[in-house]
Amino acid sequence: ALDLVQMAGYARRRPHQLSGGQQQRVALARSLVKRPKLLLLDEPMSALDKQIRQATQIELVKILAQVGVTCIMVTHDQEEAMTMASRLAVMTEGQIVQCGTPHDVYTFPSTRFVAGFIGSTNLFTGTIVVDEPDHVLIETDALSRPLYVSHGISEPLGMEVHVSVRPEQIRVGRQAPEAESNWGHGMVSHVAWMGSYARYQIRLDAGQTIEASVPSLDWSQSDAPGVDEEVFVTWSHDAGTVLAS
């Protein structure tokens, strides 16, 4: 069992001589030694620091695949769930509100709660003015242009809906787009450089603040828009997801 979790070389150490990540591996070995058919893990890595937690997540997925154990894991860490799970169930108030693959839950959230809980998102509220089989148009006070979403929905005209647009789907520029929909104008209120990308908070003319994740390669840091500069934001027709609740 210690070989399985790469801890055989530490077999004679006392618990206090092990790091948090090493102790976690020993706990996993103790769980797997009887070859269970089902393993329940409750916040298994909550006490580990970020680097150890990320390494342990990958190792745990490999170990579970190697021994062929089905694992149910409870976690409040959305990134951990997306990294480890082949299937996610999002719960609130004791009810499962969405179940699916990490990709489906992230890309097509079913409710505002799921959209905001799994990753970051921008929510726009508006009413349906055009509903065709292949697209809908939604008028919203947050933008001077309508929202165009490239799929139809089963809600009647005039109904209030919410549209989720992920920050990485939003493009930021200095020039007004030529598109007739899915863009707005605003002022940069905050910029956080995260290494591979910059996280922009932009206050739109109507007052709503949205977030955009811009790859660092899009601009050099000296050319990138800064705080209190005017910018335009836009996104593609297939970037938004309509949420009825």
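## Helix packing and positive phi values

Reader: Which residues of H1 and H2 meet?
Author: Gly21, Arg25, Leu28 and Leu32 in H1 meet Ile52, Glu59, Leu60, Ile63 and Val67 in H2, where contact means heavy atoms within 4.5 Å. By class, this contact has 6 nonpolar, 1 polar and 2 charged residues; Ala, Val, Leu, Ile, Met, Phe, Trp, Tyr, Cys and Pro count as nonpolar, Asp, Glu, Lys and Arg as charged, and the others, Gly among them, as polar. Helices (H or I, at least four residues) and strands (E, at least two) are DSSP runs, numbered from the N terminus.

Reader: What are the sources and limits here?
Author: The model is predicted: local features need pLDDT of at least 70, side-chain atom pairs count only at pLDDT 80 or more, and totals for chains, interfaces and linings use all residues. Residues are numbered from 1 along each chain as its sequence is written, and side-chain values use heavy atoms, with hydrogens and water left out.

Reader: And are H1 and H2 roughly parallel or roughly antiparallel?
Author: They are roughly parallel, a term for angles under 35 degrees, whereas over 145 counts as roughly antiparallel. Their axes cross at roughly 20 degrees and come within 11 Å.

Reader: New topic: where does Glu43 lie?
Author: Glu43 lies in the loop between strand E1 (38–42) and helix H2 (50–67). Its phi is near 50 degrees, a positive value in a residue other than glycine.

Reader: Is Asp228 exposed or buried?
Author: Asp228 is exposed, at 60% relative accessible area (exposed is over 50%, buried under 20%, partly exposed in between, with a 1.4 Å probe and protein chains only). Asp228 has a positive phi of about 75 degrees, although it is not a glycine.

Note on methods: Axes fitted to C-alpha atoms, helices over the stretch in contact; angles between N-to-C directions. Parallel < 35°, antiparallel > 145°, perpendicular 65-115°, else oblique.
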